[in-house]
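Dear colleague,

I am handing over a structure for you to look through, and below it I have set out what was found. Please keep it open beside the text while you read.

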Amino acid sequence: MRPTPGHARSGLGTALAVVLLGGALAVATAPSAVAAPAPACPAKSLTKQINQADVVFRGMVDRAGRPHGKGDQRTRTYAVTADRVYQSSLVTDRVRVTAEVGTRCAPPTLKEGKRYIFFVTEQGSRLVSTPATARATHQLTSRVEAKLGSGKAPSTPPPADPEFQKVADAAPPELSRLLAPGAALVVLSLLGLFVVSRVSRRTT
């Protein structure tokens, strides 16, 4: 018996539904080809960023070092000349700032010759940047100064004064020791001529 057109269309629809269902199951059960992006570092208010920092200052990056270390332990060191300190203090205007590289909350890569506002923590003798470090734009500078004031100049250690130590019973060095050998001979010759001239004047 021949299938009627209605039966043919019904069978075709059933087969199509099975194919689509199978494809959907395959897609649902197949491993994801693209990994989900890592969650972004949570944003924090400026007040929290300031509270988490030991020192807040503005400075220019003189030199950016290359990353060193492995994995999530990689760091980069920047040589910075500070020109304004908003929170706490710096013992010198030339400092080195260490920053993490490649981690979820790593600070941005800093460029040489650009000025930034640094939010750093003190870890032993190191100044370590927090994620809040950013370009010292007019807007950010105004916001920081609205909370911390206009800041102050970093401390610059004064040059060391020369020290003189007196040696007791030290006799002054002889003239011949102060002068080079040739110069000493010239001086002695001139003195000899001067003495001879004085004697000849007295005898004439």
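**Salt bridges**

Asp 83 forms a salt bridge with Arg 115, and the closest N and O atoms of the two are 2.8 Å apart; a salt bridge here is a side-chain nitrogen of Lys or Arg within 4 Å of a carboxyl oxygen of Asp or Glu. Asp 83 belongs to strand S2 and Arg 115 to strand S4 (residues 115-123), so this pair ties together parts that are 32 residues apart in sequence. Helices (H or I, at least four residues) and strands (E, at least two) are DSSP runs, numbered from the N terminus.

Before going on, please note that this is a predicted model, in which local features need pLDDT of at least 70 and side-chain atom pairs count only at pLDDT 80 or more, while totals for chains, interfaces and linings use all residues. Residues are numbered from 1 along each chain as its sequence is written, and side-chain values use heavy atoms, with hydrogens and water left out.

The structure holds three salt bridges. In another of them, the side chains of Asp 83 and Arg 58 meet at 2.8 Å, N to O. Because Asp 83 lies in strand S2 (residues 75-87) and Arg 58 in strand S1 (residues 55-64), the pair ties together parts that are 25 residues apart in sequence.

Asp 62 forms a salt bridge with Arg 94, with 3.9 Å between the closest N and O atoms. Asp 62 lies in strand S1 and Arg 94 in strand S3 (residues 94-100), so here too the parts tied together are 32 residues apart in sequence. Arg 94 is exposed, with a relative accessible area of 58%, whereas Asp 62 counts as partly exposed at 38% relative accessibility. (Buried means under 20% relative accessible area, exposed over 50%, and partly exposed in between, with a 1.4 Å probe and protein chains only.) Asp 83, at 25% relative accessibility, counts as partly exposed, and Arg 115 counts as partly exposed at 35%.

**Aromatic rings**

A search of the whole structure finds two aromatic pairs. The ring centres of Phe 57 and Phe 118 are 5.0 Å apart and their planes stand at 10°, so the pair is stacked; rings of Phe, Tyr and Trp (its six-membered ring) pair if their centres lie within 6.5 Å, and planes under 30 degrees apart count as stacked, over 60 as edge-to-face and the rest as tilted. This pair links distant parts of the chain, with Phe 57 in strand S1 and Phe 118 in strand S4, 61 residues apart. Both Phe 57 and Phe 118 are buried, and ring pairs link Phe 57, Tyr 116 and Phe 118 into a cluster.

**Helix H3**

In helix H3 (residues 138-148), Leu 140, Thr 141 and Val 144 are buried. They cover an arc of only 100° around the axis, which puts them on the same side of H3; the arc is that of the directions from the helix axis to the C-beta atoms. On the other side of H3, His 138, Gln 139 and Ala 146 are exposed.
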